[in-house]
Each structure stands twice: as structure tokens, then as C-alpha cells.
Amino acid sequence: MFDGYDSCSEDTSSSSSSEESEEEVAPLPSNLPIIKNNGQVYTYPDGKSGMATCEMCGMVGVRDAFYSKTKRFCSVSCSRSYSSNSKKASILARLQGKPPTKKAKVLQKQPLVAKLAAYAQYQATLQNQAKTKAVVSMEGFSWGNYINSNSFIAAPVTCFKHAPMGTCWGDISENVRVEVPNTDCSLPTKVFWIAGIVKLAGYNALLRYEGFENDSALDFWCNVCGSDIHPVGWCAASGKPLVPPRTIQHKYANWKAFLVKRLTGAKTLPPDFSQKVSESMQYPFKPCMRVEVVDKRHLCRTRVAVVESVIGGRLRLVYEDSEDRTDDFWCHMHSPLIHHIGWSRSIGHRFKRSDITKKQDGHFDTPPHLFAKVKEVDQSGEWFKEGMKLEAIDPLNLSTICVATIRKVLADGFLMIGIDGSEAADGSDWFCYHATSPSIFPVGFCEINMIELTPPRGYTKLPFKWFDYLRETGSVAAPVKLFNKDVPNHGFRVGMKLEAVDLMEPRLICVATVTRIIHRLLRIHFDGWEEEYDQWVDCESPDLYPVGWCQLTGYQLQPPASQSSRESQSGSSKQKKKAKSQQYKGHKKKRKMPVGKKPVSLSSLPMTGGVRRSFSGDEELTPPPYRTLPAQTALEAFPPPSTSREFSPSLKTVTTLQLKEELIDGEDYSFLQGASDQESNGSANFYIKQEP
């Protein structure tokens, strides 16, 4: 094993910046009657003095029912939020379909019709404008420094079954030995030395060279799945020299004997570890594949999109009828938002037919077996019915769980759901969840688990009581037994760090923290941002990743917002916050204003950040009759994914070293995931025992 050891002697020798784009914004059209009062602009769609428009959320309502003497806002929450620059910019960003900069101009809030007109105008001029992107230098952020300086704990890789090595990570832990490049060396050639894992944070490991004992002076962070980490014995097999670090090279006279003593009985990576990493990062989705994906501007329908690029299993999809290929959408290949061609027709879901009438060169339908499978359900017996009430995560405001209604029952267990008090008359803002979705809950779920339930817009009988609401609306609650009660042993704990997609801007992956766990539901907080931007996410969501995932896949990680950035985006009124009110908070459809964040793709208007819009009526039940690959050819060209999902959990990723003069066969080690705490796994009080 130590044939590669070389006791060569050697001679001793020895802030980030960001650029932000500043774009001028076209003024909103003012063809509606406008009334000026005390210097403020109010827009009334019908010209009647009895109507008013909330300057924060754009809701139009009876002026006398509005909040404050000036009747500028529909609620206390909107009044408080108005002074926040981040809220102003978030509205502007939704309108323009891009993350705003802190220099972006903020416009007076106007009704939905005006916003749509402005957006149409922006889309028309977008084709002739050169887009500039704000660039963030990542030199100022390091996961290792961030975790070390704050004593944070990262979620283990085994929590993320969809991530590379997620199902075969094994017993990689502290004290595992590896061979890594020796950076404490002045030799002209690349040499290696043995190091041990001191601390593990996702894919990243804090390593310490053998021989330093308790001295952490040269400790360094490295991605375990990187190309420079190898199992002990790799240097001997590859003919690479093992050279002790210069700082301690005179500490021992016989380094070979030292290593034999230190490494006997220790653990290391298996010889084929790098091969397993490579296999787990092979993705079956390829560019030019066609899929059906949710329309980010009309949640109630799907559109045909084409895979433009694949990064770490995340897909950049470009809507097929996008002329300049800038109308895109980001999601993971296992996202419930994408489906095979023909899915909408098969279940009765709304679908927008593409204007493209002939097949584009190289485009072909994605084989159906590549998509995530949903659990089969029996709809023949007692089942969900139209009009039943439930609680659901609002896809346009993921920090809230709202009162909702089943609006339509589709085939194969899919449901169309609307948020009470916020629905368009034509159902254009309904959204589709499967009956087994972890994003829908029975009546009373929030009350039992002490989560704030968002009542319907305009509902005045507060605090909200389900019993009274069901009686007043003449509705019934969906039966508790129809909901998904499975709670996996996910392994997450409160306070764990991870990398998470900002689903309000799905191009961005940010530094995040698990702040609350309710069975399988996680509350994700984006570090450096206020709690109002938190998002409820399922523990098995493909939009959560281990620490180090972005580095491993080459995706751009968004660092935590700095204190100065937050202060520059917050109004002085935030220091004067009053006690919380149970008044309706409103569907703000919040989005962070990432100062200098660098998107990984061309600009888009994210589905979850879009303004609720009327259904345009251009839907069809079938996609264009494009010819697909023959079944056999398609399967051969694109076989089932050879990723970590296919790896057997019994694969061992740690080998024991029995060192005498060479490495012998190691013992097998299996990983036993620790039991989750009661908060994450308890199910005794998950649901209401009796329906109102």
C-alpha cells in the first residue's frame, strides 16, 4: 500500500464585488379614471368614488371597508408592508418577470387590468432590449467558514434520496480516512497525503492531515464527491507519491511505520466510490425532449415545453411557442409539475395548444417512464367531491396554508383546487394537486399543529373557526381518511442547513435552514431574509439539496443576504411593528429581492411569482400531433435512469483498513439512519379525529 510513499525533502518557501443592472421601467398605462387625494394616486376601474384599490396587493373593493383614514390599503398587513422596498420591488419583479435590483424604480400600485397591460407592453419590448444580469462574486461566501464560525449542522446526504449518492451514501462519517492533494508542499509536482474527516456537512468534509493530531492550523474543507478525494491505497495503485506536509515533515523519522499504526482498523472510501458518484450523476433527461409543464402564468393549465439544458437533474424548460427562447421555467426532473406528452388529455386537465404546427428538428417526446410516478388510488368508493373544503399550501404564497376548496375532480387521483376568497371567476388560478400530495391537509390540520391558517380574503369573523365557516357556506370537509398520512423517517432536524430552491424564483438555489418540522412538512428559511419569505416544503421535495450540491453540479449558489443588503431594502416602518393581527394577510405572492444575485439562466417570470390572471380561453385538450419515437427506439435511446435512485441500499461505501504492509479486503458496513424525533414522526395528533 505504501509503495507510493516518498519521504522527499523540500525547501521551505512560501472582496467580492458585484455589479447590478439598472433598467428603466415603462410607466403603467393610465387610461382608467384617476382620482388624486393628498398627493397619492388612487385608480378606480369604474370611476366611482365608492371603490378603492389597495396600493399594496392591488385588490379592488368598497372604499369604506378599507383600512386607515386615507383608505389606501385593504388590511393592516398591507399597510405595514407598503413601506418595505422589498415588497415594492417584488411586485415590480412579478410584473417584469425578473429579479429586481435595489435600484429598480417602484411604481404606484394599480389594478390587475393595468398590471396585465403593462406586462404585455413589457413583453412586446423585451425582444428588442439587451438584457443585463446582476453578477455576484462567490468569493465572499464559503460553506465551510459559514458552518465553522456559527457551529451549524448540515442535513446529511441520506435525507435527499433524489440527490447524487443519496441512496448509497453509507457510513461516511467522521474519522474516515482519504487521500487528498498535499497543499503544504513546495514540490513542482502534485503530491498527496492522507487526511481524516473531522466534520461532515452534506457533501463537504472538514479534513485534517495525518500527523497534525489536535492541531487545526491546516484544516480545510473539501467536497467528498470531488475528483481530488480518493480512498486510501489509491496513490499506491496509481503510482502517485505520498509526501508528508512540510509543516510536520520532521516530526517523525519513519512515516511509513506511523501510517501503518494510525490507519490499521480505520475506515476509508470503497475503491469504486468515484465510479458510483459518476453513475449517480447521469440523468435520463436530455436536451430537445418535449414535456408538458404547468403554465407559469395560468396555473390551471399546462403547456408543451422543450428541455433546453440539464444541470444536476434540474431542467431548464423553454416553452415551445417561445419565439426568442427566453420564456423558460426551471424545475427538477422529478418535479410533480412536469408530465409526459398527452398527460393533460388523459386526466382531463386544461392544456394550451402550441402555435407550432410542425415538428421542429430534433425535438421528440420524452418517454413516459422517466417521469415521477404517483401513487395509485381507488376513486370508485368514497372519494373527494367538488365543493369539499380542505387546507392547502398556496402555490403563489408558499409561506401560507390557506382555506381551500376542491373545484374539480380529475382522473387518476388529481384534483383542481382553489383558494377561498381569491379565485378568478373563470377558474384561471386553480391549481392541480394529486390526492396523495403532501401539500393538502384535512380541515383542522393547522389548528392541531399550531400553524397559522390563512382565512379567505374578506372573511371578517375572526378568529377563523372551521365549524362556523362550514355552516355558513353550507359545505362539508373532505374526509380525513382520504389524505396522505405517510410520514417517512426523513432524518431532518430543526436547525439543519441545506441548499434550497427559492420556489418563488425557481432559477435560484439559496443557503437555507430547517426552522420547523411538522411530521413530513418542513419550514424552510432563507438565511439572511425575513421569516415572511419562508416556504413550506415536503421532506421529500426534489427542490431541497445537501450542502455542497451546487459546487458538485456546477450550479450557482445564492449566498445569505448581508445585513447591509437587508437594511437597504427595508423601510424605517419595520422598526415600528405593532402586535400581530388576525386580519387577513393577503396573497402577496412574495418574492425576495436578491441584491446582485446571478441567475443561472435567461430571465423568466416564475410560475409561483406570477400575477393571478384570467384564463384566456386558448386551451386545448390535446397537444400538437407530433410524431414520437417508436416505443422500442425510445427506450433504447433513453434507458431508465442509471442514477442513485437505482442503487441498492446495501451498497457499502466505507471500507475498513487492516494495514500491515498492504491493504487487504475490508469489512462491510451498513448505514442505520437515526430515528426522527417526535415532532417529525409523531402521527397521533396529525389529523382531526372528528370532522366538524
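Analyst: Trp466 counts as buried because its relative accessibility is 8%, where buried means under 20% relative accessible area, exposed over 50% and partly exposed in between, with a 1.4 Å probe and protein chains only. Tyr469 is likewise buried, at a relative accessible area of 7%.

The model is predicted, so local features need pLDDT of at least 70 and side-chain atom pairs count only at pLDDT 80 or more, while totals for chains, interfaces and linings use all residues. Residues are numbered from 1 along each chain as its sequence is written, and side-chain values use heavy atoms, with hydrogens and water left out.

Across the whole structure, a search finds 28 aromatic pairs, a pair being rings of Phe, Tyr and Trp (its six-membered ring) whose centres lie within 6.5 Å, with planes under 30 degrees apart counted as stacked, over 60 as edge-to-face and the rest as tilted. One of them joins Trp143 and Tyr146, whose ring centres are 5.9 Å apart and whose planes stand at 65°, so this pair is edge-to-face. Both residues lie in helix 4 (residues 143-150), 3 residues apart, about one turn of the helix, and both Trp143 and Tyr146 are buried. The rings of Trp466 and Tyr469 also make an edge-to-face pair, because their centres are 5.9 Å apart and their planes are at 75°.

Trp143 and Tyr146 belong, together with Phe141 and Phe152, to one aromatic cluster. Over the ring of Phe152 sits the charged end of Lys497, 4.0 Å from the ring centre; a charge sits over a ring if NZ of Lys or CZ of Arg is within 6 Å of the ring centre and within 35 degrees of the ring normal. Arg303 lies over the face of Tyr319, at 3.9 Å from the ring centre.

As for the cysteines, the structure holds 0 disulfides, a disulfide being a pair of cysteine sulfur atoms within 2.5 Å. Cys446 is in no disulfide, and the nearest cysteine sulfur, that of Cys402, is 8.7 Å away; Cys446 counts as buried, because its relative accessibility is 0%. Cys539 is in no disulfide either, with the nearest cysteine sulfur, that of Cys159, 9.0 Å away, and Cys539 is buried at a relative accessible area of 3%.

Definitions and conventions: Helices (H or I, at least four residues) and strands (E, at least two) are DSSP runs, numbered from the N terminus.
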